[in-house]
Amino acid sequence: MPEPTASNPSDPQAADDASAPTPTANLAEARQRIDAIDRELQALIAERARWAQQVGRAKGPLMAAVDYYRPEREAQVLRMVVDRNQGPLSDAELVRLFREIMSACLAQQEPLCIGFLGPEGTFSQQAAQKHFGHSARLLPLASIEEVFQEVEAGHADFGIVPVENSGQGTIQSTLDMFLTSRLKICGEIELRVHQYLLSRTGRMEDVERVYSHPQSLAQCKVWLRQHLPASERVATASNAEGARRAHLADDAAAIAGEAVAHVYGLKVIAGPIEDRPDNTTRFLVLGRELFPPSGNDRTSLLVFVKDQPGALFNALSPFAAHGVSMNRIESRPAHSGAWQYAFFIDLSGHVEDAALRAALDELTPHASEIRVLGSYPVAIP
């Protein structure tokens, strides 16, 4: 029989084996070990917080929390979390835990103020908490335009606005704001969206009208046609506003996220009721400056083309020539004259990348104006 070999303390696999539960561990032993691990975790989190304070001191006397926040560094940290993960927790769960730790550490200086499309209970609020954690201070605002305005005025450090849905496409009101705003895109969030039918009574037979945001009504149109064909559809400024109005009448319902039911005292009639199982909304993080590369970035451009034959070809061919992948293109009226158009273009890479920089230099003679709306980390699950 071969002799047992000693474990190597520097071997991570050996360390994992040494700390793993034994088949004979009883309940008391398991709880004792969990308590010991909790003490170790708490001590390490406190140590991390102290080092985060040291980072702040090393940067010198800064004015506000926004001066300490670096989205490119945060994205790098979270990607390392995913790369190290070997289970049993999912990548998404570990990313959520580390975001909360980073959020709490950053809030030692001063919590970030994040404007979002309110009121309380919207998917925009969920996106804000997913990206910035629950230690950030959230500022609910009445419209997408107001989110832009509050960030521009410095009343909010960053803003969260929806930009597209996997089933319903682009949210044009968000794109149109970039035609006049000088804000920058600092990040993106992808949020899996589940829709629920909510009402005060909780009975389907009572529902004569359904309140919700137009996007949510569109995401559930097949379900509504099958289950509530005679009900009136009433568009509202947000799902939360729809829930507030549904709360006022027994014959009304709202389509919104499940969390809204608790906020407005509604009961769940049915859900999820979205027509597409992959229903996902993409949100943008608005800020006032560009940030350095994170290593896996996306760049958004706004290109005003000259009115001439081959204008679109001239706008796109430099990216193909320099090997820059285009993720999305959308045209909108340029608001600078009749039949003048601007193109919103999403590209892989950061504006500081050599290939993208060369493509922009080649594009410049063919465009009346090029704006870099942002170069930001690709969304992390």
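**Figure 1. Glu-74, at 14% relative accessibility, counts as buried.** The model shown in this and the following views is predicted. Because the limit for a buried residue is under 20% relative accessible area, the value of 14% places Glu-74 in that class. Glu-74 belongs to helix H3. Apart from residues up to four places away in sequence, its contacts are Tyr-69, Arg-99, Met-102 and His-131.

**Figure 2. A salt bridge joins Glu-74 to Arg-99.** The closest N and O atoms of the two residues are 2.9 Å apart. Glu-74 sits in helix H3 (residues 71-84) and Arg-99 in helix H4 (residues 91-106), so this pair, 25 residues apart, links distant parts of the chain. Arg-99 has a relative accessibility of 9% and therefore counts as buried. In the model as a whole, the count of salt bridges comes to 19.

**Figure 3. Arg-282 meets Glu-164 in a salt bridge between side chains.** The N to O distance of this pair is 2.9 Å. Because Glu-164 is part of strand S3 (residues 158-165) and Arg-282 is part of strand S11 (residues 280-287), their pairing ties together parts that lie 118 residues apart in sequence. Both residues, Glu-164 and Arg-282, are buried.

**Figure 4. Arg-282 also forms a salt bridge with Glu-188.** Here the N to O distance is 2.8 Å. Glu-188 is found in strand S5 (residues 184-192) and Arg-282 in strand S11, so parts of the chain that are 94 residues apart in sequence are tied together. The relative accessible area is 4% for Glu-188, which is buried. For Arg-282, likewise buried, the value is 8%. A network of salt bridges links Glu-164, Glu-188, Arg-282, Arg-298, Arg-328, Glu-330 and Asp-346.

**Figure 5. Four strands form an open sheet in the order S13-S14-S12-S15.** The pairing in this sheet is antiparallel. Strands of a sheet pair through backbone hydrogen bonds, either parallel or antiparallel. S13 and strand S15 (367-377) are the edge strands, each of them pairing on one side only. On average, and with direction ignored, neighbouring strands of the sheet are turned by 15° against each other.

**Figure 6. Strands S12 and S15 run antiparallel and are joined by nine bridges.** S12 covers residues 297-305. Asp-297 has Pro-377 of S15 as its bridge partner, and Arg-298 stands opposite Tyr-376, also in S15. Helix H12 (residues 311-321) packs on the sheet, where it touches S12, S13 and strand S14 (341-348). The direction of H12 makes about 15° with that of S14. S15 is largely enclosed by the rest of the structure, because eight of its 11 residues are buried.

**Figure 7. Met-326 is partly exposed, with a relative accessible area of 36%.** Met-326 lies in strand S13, which spans residues 326-333. With neighbours within four places in sequence set aside, Met-326 is in contact with Leu-316, Ile-345, Asp-346 and Leu-347. Of these contacts, Ile-345 is 19 residues apart from Met-326 in sequence, and the C-alpha to C-alpha distance between the two is 7.3 Å.

**Figure 8. The largest nonpolar core contains 26 residues.** Ile-144, Phe-148, Val-161, Phe-178, Leu-286, Leu-302 and Phe-344 touch the most other members of this core. At least two core residues come from each of strand S1 (113-117), helix H6 (144-152), S3, helix H7 (172-177), S11, S12, S14 and S15. With four residues, H6 gives the most to the core. In soluble globular proteins, nonpolar side chains tend to be buried together.

**Figure 9. Val-161 is shown with its contacts, among them Ile-144 and Phe-148.** When neighbours within four places in sequence are left aside, Val-161 is also in contact with Val-147, Thr-174, Arg-282, Phe-283, Leu-284 and Leu-286.

Definitions and conventions:
Residues are numbered from 1 along each chain as its sequence is written. This is a predicted model: local features need pLDDT of at least 70, side-chain atom pairs count only at pLDDT 80 or more; totals for chains, interfaces and linings use all residues. Side-chain values use heavy atoms; hydrogens and water are left out. A salt bridge is a side-chain nitrogen of Lys or Arg within 4 Å of a carboxyl oxygen of Asp or Glu. Buried means under 20% relative accessible area, exposed over 50%, partly exposed in between (1.4 Å probe, protein chains only). Contact means heavy atoms within 4.5 Å. Two strands pair if DSSP finds at least two bridges between them. Axes are lines fitted to C-alpha atoms, for helices over the stretch in contact, and angles run from 0 to 180 degrees between N-to-C directions. A nonpolar core is a set of buried Ala, Val, Leu, Ile, Met, Phe, Trp, Tyr and Cys residues joined through side-chain atoms within 4.5 Å.
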